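Work through the exercises below with the model open beside you. Try each task before reading its solution.

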Amino acid sequence: MKIGTKIIALLFLGMTIACSDDETTTPEVINEEEVVTTVELVITDIESNESQTVLWADGVNTLDNKPKIALAANKSYITSVRFLNASNPDDIENITEEVIEEKDEHLVFLAPENSLTDFVIASNPDADAIDSDNIGINIVTDWATMAASTGTLTVFLIHQPTSKTGTTRSAFGGETEAEAVFDVVIE
């Protein structure tokens, strides 16, 4: 009987220790993906300082109805991107602020496609948000056009990329929080 009582006491003590360890463990914080309904590009001609704002809105723009970016050949532009949650039109949330705040967990990838071979996009280290590894996340980029051409530009907002270097969307890993396709005409 004494051995049985000791075993029960040891089991109770083990359960108490196990429970108290669980209670002191901090729960893992899960950083949820953002809801993005609108992608806004503000494109400014560096020479003339003239700007154009082009919007992609979920539910409005489709692959058959892409917003159009009009650029001139042989020009330089500075472009900024904003991500918005307009699920509630009375309370539009600027997600860009959270993206910048969580710059280690985000990357904007701009992918020119089709015949936009003379369209160069580069990070703008003077204006862009820079992560803890000293990598720009492409909220602000420099664009350079050469010859006239047409094609599309896809803007991806990537959450928790596994890499921040690459030339294709798949090279970055992570989850796509936004994917907006724009027609580009360079004249």
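Ala, Val, Leu, Ile, Met, Phe, Trp, Tyr, Cys and Pro count as nonpolar, Asp, Glu, Lys and Arg as charged, and the others, Gly among them, as polar. This is a predicted model: local features need pLDDT of at least 70, side-chain atom pairs count only at pLDDT 80 or more, and totals for chains, interfaces and linings use all residues. Residues are numbered from 1 along each chain as its sequence is written, and side-chain values use heavy atoms, with hydrogens and water left out.

**Exercise 1. Classify the lining of the largest cavity.**

Step 1. Find the space. A cavity is a set of points, on a 1 Å grid over the protein atoms alone, where a 1.4 Å probe fits but cannot get out; lining residues have an atom within 4 Å of a point. The largest cavity holds about 30 Å³. That volume is the space filled by probe spheres set on the points, with grid points joined across faces, edges and corners.

Step 2. List the lining. Among its residues are Leu-41, Ser-80, Asn-138 and Trp-143. β4 (76-85) and β8 (140-145) each supply at least two lining residues.

Step 3. Sort by type. The lining has 6 nonpolar, 4 polar and no charged residues.

**Exercise 2. Is Asn-85 buried or exposed?**

Step 1. Asn-85 is in strand β4.

Step 2. Apply the cut-off. Its relative accessible area is 13%, so Asn-85 is buried. Buried means under 20%, exposed over 50%, partly exposed in between (1.4 Å probe, protein chains only).

Step 3. Check the surroundings. Beyond four places in sequence, Asn-85 touches residues including Val-35, Thr-37 and Ile-92. Contact means heavy atoms within 4.5 Å. The side chains of Asn-85 and Ser-87 make a polar contact at 2.6 Å. Such a contact is a pair of N or O atoms within 3.5 Å; within protein, one must be able to donate a hydrogen and the other to accept it, and residues adjacent in sequence count only if both atoms are side-chain atoms.

**Exercise 3. Which backbone nitrogen does the side chain of Thr-37 reach?**

Step 1. Thr-37 is in the loop between α1 (2-24) and β1 (38-45). At 14% relative accessible area, Thr-37 is buried.

Step 2. Name the partner. The Thr-37 side chain reaches the backbone nitrogen of Ala-86 at 2.7 Å.

Notes. On a 1 Å grid over the protein atoms alone, a cavity is a set of points where a 1.4 Å probe fits but cannot get out, and a pocket is an open set with protein on both sides within 12 Å along at least five of seven lines; lining residues have an atom within 4 Å of a point. Helices (H or I, at least four residues) and strands (E, at least two) are DSSP runs, numbered from the N terminus.
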